[in-house]
Amino acid sequence: MAMLVRAGQASDAAWQTLFSARTVELLARTLGLTAAVTATASAIGVAGAWILARTDLQFKRAWGVAFAMPLVIPSYVLAMVLLSASGSRGLIADLIGVGPPYLSGFVGAWLALTIATYPYVYLVSAAALHRIDPAMEEVARSLGASPGRVMRTVVLPHLRPAIGAGALLAALYTLSDFGAVSLMRFDAFTRVIYAQYAGRLDRTPAIVLSIVLVLAAVIVIVAEQRTRGRGAYFSSKPMRSPSPYRLTSPKRAATTAFLALVVSLGTAVPIAVLIAWFIRGVRSGVDVGIPWSAIGGSLTGASLAAVIAVVAAIPIVVLAVRHTSRATDWLERTVYVTFSLPHITIAIAVVAFTVRYARPVYQSLLVLVVVYAGMFLAQATGPAKASLLQIDPTLDDASRSLGKGNMATLARITIPMMSRGLLAGGLLVFVTTLKELPATLLLRPSGFTTLAVRIWSSSSELLYTRAAVSALVLIGVSIIPVYYLSIRPKEAADS
């Protein structure tokens, strides 16, 4: 609403920016990058999910963990790694005498964002594959269908909603990304909006362009819903594990090479490049001290945002599950719509609002952490809702029948039984906030810095050793909650 009010007060020059040929070009470039990243990420994610769920490849669990690891590496770190390692003056050329072509612009942004987003498609598709009854695939094979035909006619139609959901996440991530396109110097909407905002006294052109970016995100969401259609995709829960597809020696080598290439580009190479820059800096006498202020800022902002998001998620989830109505449905939808909006547009809207109506809290830590919590509230409500749906509502009724009020029942029965979902949601918000860049750049208080800001600013100034130290710290901090979210529960399930 704040952006619409400011846009309504925009000058003629600002509206000319909206209808200029440059804006049309920006829209085409942004949508082109989004389409390319989404298509590539979907292909990689679905292929990886099928290989690890349906074949007899060895060490599938280890491959699965490694395949999802790029989730802990922000896109701007991947962009920094590609920039610093490629080209005639890059790290690879210094080490072996020859290096790959310099990766920047569209190709560099596409590669960095593809690596950053394919795990979303992979995780959603892998979960959906485990819910598909393997009998349908086995019947198709018994009738003489080739593996490719089984994939086209049985597996992909049932995976359509999952692929659509993962592709939507990849598309929205690409639309809202600022760090990778900025470092790669690719003129997408987010980069130009930030330049308009930071480089002009009149910020209404940036607000007008932000509205266009929001509309683009809405179009992507609507398009995904239209392609999904209204068909029924459910099947009965499989009663047994599928018979694995036996790979021949050439196919085993090809699938292993594919997984190794993706894992190398997504995890091994980035971490190796960061370590190499760190060692190089130490040998050159560069100050590689630990950025304690940035660590403190990141941990403070992420911890406060996680706590606020979890506290806010409790009433939303309880209302949505226990007191369903049209109003509670809209409340829940608002949470997810906010999550889908490009972060730079949310930050600009908050700036416009606080400058006009709440100047005392403009660029304060309070506003920053509340915006963090609001943007990522959907990540807290999702696991919390899943936990509450598994709690028998008769337990609440029994508590109230014993004389306990609604608040006492909530505090003593509902919240303790939701604790696992609340913890998972809080950790998701914590990890995502650690990596947040555009909102931090626009809303942070004076003198407040985070690891994300330090990485971005150091990379922009070609100070790769300094950026590598911050990136390694960020990855190390992120791995800890990701371990509790994914690896440890799997170990418990297998024990």
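This is a predicted model: local features need pLDDT of at least 70, side-chain atom pairs count only at pLDDT 80 or more; totals for chains, interfaces and linings use all residues.

Biologist: Among contacts between residues at least 6 apart in sequence, what percentage join residues at least 24 apart?

Modeller: Of those contacts, 80% join residues at least 24 apart.

Biologist: How should I read a salt bridge, and how many salt bridges are counted?

Modeller: The general idea is that side chains of opposite charge can pair when their charged atoms come close. Here the count is two salt bridges. One is between Asp56 and Arg252, whose closest N and O atoms are 3.2 Å apart.

Biologist: How is an aromatic pair described, and what is the case for Tyr120 and Tyr173?

Modeller: A pair of aromatic rings is described by the distance of the centres and the angle of the planes. The count here is eight aromatic pairs. For Tyr120 and Tyr173 the ring centres are 6.0 Å apart and the planes stand at 45°, so the pair is tilted. Tyr120 belongs to helix H7 (residues 105-131) and Tyr173 to helix H9 (residues 147-176), so the pair links distant parts of the chain, 53 residues apart. Tyr120 is partly exposed at 23% relative accessibility, and Tyr173 is partly exposed at 22%.

Biologist: Which residues form one aromatic cluster?

Modeller: Phe67, Tyr118, Tyr122 and Phe258 form one.

Biologist: Phe67 brings me to helix H4. Which residues of H4 are buried?

Modeller: Trp63, Gly64, Phe67 and Ala68 are buried in H4. They lie on the same side of H4, because they cover an arc of only 125° around the axis. The general idea is that an α-helix has 3.6 residues a turn, so residues three or four places apart point the same way.

Biologist: Which residues touch the most other members in the largest nonpolar core?

Modeller: That core has 97 residues, and Tyr76, Val77, Ile193, Leu274, Ile344, Leu437 and Leu443 touch the most other members. Helix H5 (residues 75-85) gives the largest share, nine residues. Leaving out residues up to four places away in sequence, Leu437 touches Tyr76, Phe178, Gly179, Ala452, Val453 and Trp456. Another core, of 29 residues, lies apart from the largest one, and Ala49, Ala53, Ala68 and Val150 are among its members.

Biologist: Where is Val139, and how many residues separate Val139 and Val150 in sequence?

Modeller: Val139 is in helix H8 (residues 134-142) and is partly exposed, with a relative accessible area of 45%. Val139 and Val150 are 11 residues apart in sequence, and their C-alpha atoms are 9.6 Å apart in space.

Definitions and conventions:
Residues are numbered from 1 along each chain as its sequence is written. Side-chain values use heavy atoms; hydrogens and water are left out. Contact means heavy atoms within 4.5 Å. A salt bridge is a side-chain nitrogen of Lys or Arg within 4 Å of a carboxyl oxygen of Asp or Glu. Rings of Phe, Tyr and Trp (its six-membered ring) pair if their centres lie within 6.5 Å; planes under 30 degrees apart count as stacked, over 60 as edge-to-face and the rest as tilted. Helices (H or I, at least four residues) and strands (E, at least two) are DSSP runs, numbered from the N terminus. Buried means under 20% relative accessible area, exposed over 50%, partly exposed in between (1.4 Å probe, protein chains only). The arc is that of the directions from the helix axis to the C-beta atoms. A nonpolar core is a set of buried Ala, Val, Leu, Ile, Met, Phe, Trp, Tyr and Cys residues joined through side-chain atoms within 4.5 Å.
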